[in-house]
Amino acid sequence: MGLITIPYFCRKYDFHEADVLRNIVKFLRIQPVTGNLETRGMRFYREKDLLFVYDQLIKMAEIKKTDFEEV
């Protein structure tokens, strides 16, 4: 795993909500390896950091789905 941008990460892992991921990364203040959160342009993040956030989103969605099905 290396460096990756959010749009490419979303394509690679078939995640269709790039804005959601971008906002969560910003909220958690995960710093990009290049640039910073305030600059425009290509920001590269560590793929393992984005994958951790993505995995947590998937787990929360699965928990929510099972909670909804039990009701």
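View 1. Y54 is buried, with a relative accessible area of 14%, where buried stands for under 20% relative accessible area, exposed for over 50% and partly exposed for the range in between (1.4 Å probe, protein chains only). This is a predicted model, in which local features need pLDDT of at least 70 and side-chain atom pairs count only at pLDDT 80 or more, while totals for chains, interfaces and linings use all residues. Residues are numbered from 1 along each chain as its sequence is written, and side-chain values use heavy atoms, with hydrogens and water left out. F15, at 16% relative accessibility, also counts as buried. F15 and Y54 form an edge-to-face aromatic pair, with 5.4 Å from centre to centre and 85° between the planes; rings of Phe, Tyr and Trp (its six-membered ring) pair if their centres lie within 6.5 Å, and planes under 30 degrees apart are called stacked, those over 60 edge-to-face and the rest tilted. The pair links distant parts of the chain, 39 residues apart, since F15 sits in the loop between α1 and α2 and Y54 in helix α3.

View 2. By the ring-pair rule the count comes to four aromatic pairs. The pair of F9 and Y13 is tilted because the ring centres are 4.6 Å apart and the planes stand at 40°. F9 is buried, with a relative accessible area of 0%, whereas Y13, at 24% relative accessibility, counts as partly exposed. Ring pairs link F9, Y13, F15 and Y54 into a cluster.

**View 3. The largest nonpolar core.** A nonpolar core is a set of buried Ala, Val, Leu, Ile, Met, Phe, Trp, Tyr and Cys residues joined through side-chain atoms within 4.5 Å. The largest one has 14 residues, of which I6, F9, F15, L21, V25, Y45 and L50 touch the most other members. At least two residues of this core come from each of α1 (6–12), α2 and α3 (47–70), and α3 gives the most, with five residues; helices are DSSP runs (H or I, at least four residues), as strands are (E, at least two), numbered from the N terminus. Leaving out residues up to four places away in sequence, V25 touches I6, I30, Y45 and L50, with contact taken as heavy atoms within 4.5 Å.

**View 4. Val33 in its loop.** V33 has its place in the loop between α2 (18–28) and β2 (45–46). At 38% relative accessibility, V33 counts as partly exposed.
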